[in-house]
Amino acid sequence: MPKADRRLIVIALGGNAILRPGQRGTVAEQAQNVATTAAQVVEILKAGYDVVITHGNGPQVGNILIQQEAGSELVPPMTLDICGAQSQGQIGYMIQQSLGGLLAQAGMSRPVVTVLTQVQVNPDDPAFSRPTKPVGPFYTEERARRRMAQTGETWVEDAGRGWRKVVASPDPVAIVEAATIRELSQGGTVVIASGGGGIPVVETAPGIFRGVEAVIDKDLAGQRLATGLGASAFVILTDVSRVCLEYKTARQRELASMSLEEAGAYMAQGHFKPGSMGPKVKAAMRFVEAGGQAAIITSLDAAVDAITGDAGTWISRNGRRECNLRESQSGL
């Protein structure tokens, strides 16, 4: 891990920062959501931190895949890695424009830039032999089986809603553009990077990469980014204010903090499900294990309070909540 930067926070935005449940996903809806998100980031910048932003892309890349399929008889469809790159540009543009405008209004001269980010994965990752991540539109069984016969793709029946293509979800190994992102951030630029888990690539020769059909978990990729940049904190913003045990039961209990040992024990006991909180806690643990001060999981509207220790769930080596990340390199 590079030398720690006590001012740098990597913020991983959840899907609700861009598209809320029940919305259609119009430009106006997404622009409004992004503006609300950007206002939170401005407050964090005002507090004296440097920020690198990463984000999800699930609804957006899903819509792109539907558009690709619908227009496939008119234009050649693009591969999944290229569709992911398109979504990075789309969402990065919205965040970049909104955040830049709010910073200008606040009289803060901070450039904002989106870096199209490749994330390296291992071609021998076991996930490639067991694809599990559904992508794209639903089809009938007949059409799905025809596609499998024609292309060798893997399709599965999805909860009675139809058949969907599934792809691998390999572990991220490295952020290809990490050095560039670090240089930009250290120069005062607010960087938007590794959107949607990044564009999955494999290295075919030193410095030569090729895109692959896969989806990388955005929080695990965010951890790789935060660790690679030497960030002081890794903040995961989602739709709950704190991590809970016995979630959505009568015994539900919020956690203000967890040590690495406690987080590992709760994970082993099955409290954090693979499709929801599990990857977030796993990413938080990896960040701290790699030398980060603390990872924080909280809701978008509690982001500012969480960074000062007044909200959210903090995961640190010994479970302590530090009040000011900029003032202390120890004690966690």
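In what order do the strands of the open sheet of four strands stand, and is their pairing mixed or antiparallel?

**View 1. The open sheet of four strands in the predicted model.** The order of this sheet is 8-4-10-11, and its pairing is mixed. Strands are DSSP runs (E, at least two residues), numbered from the N terminus, and two strands pair if DSSP finds at least two bridges between them. Strand 8 (172-175) and strand 11 (208-211) are the edge strands, each pairing on one side only. From one strand to the next, the twist averages 45 degrees; axes are lines fitted to C-alpha atoms, and angles run from 0 to 180 degrees between N-to-C directions.

**View 2. Strand 10 beside strand 11.** Strand 10 (residues 199-205) runs antiparallel to strand 11, and four bridges join the two. Val201 has Gly211 in strand 11 as its bridge partner.

**View 3. Strand 5 beside strand 7.** Strand 7 (residues 163-167) and strand 5 pair in the antiparallel sense over four bridges. Opposite Val135 stands Lys165 in strand 7.

**Notes.** Residues are numbered from 1 along each chain as its sequence is written, and side-chain values use heavy atoms, with hydrogens and water left out. In this predicted model, local features need pLDDT of at least 70, side-chain atom pairs count only at pLDDT 80 or more, and totals for chains, interfaces and linings use all residues.
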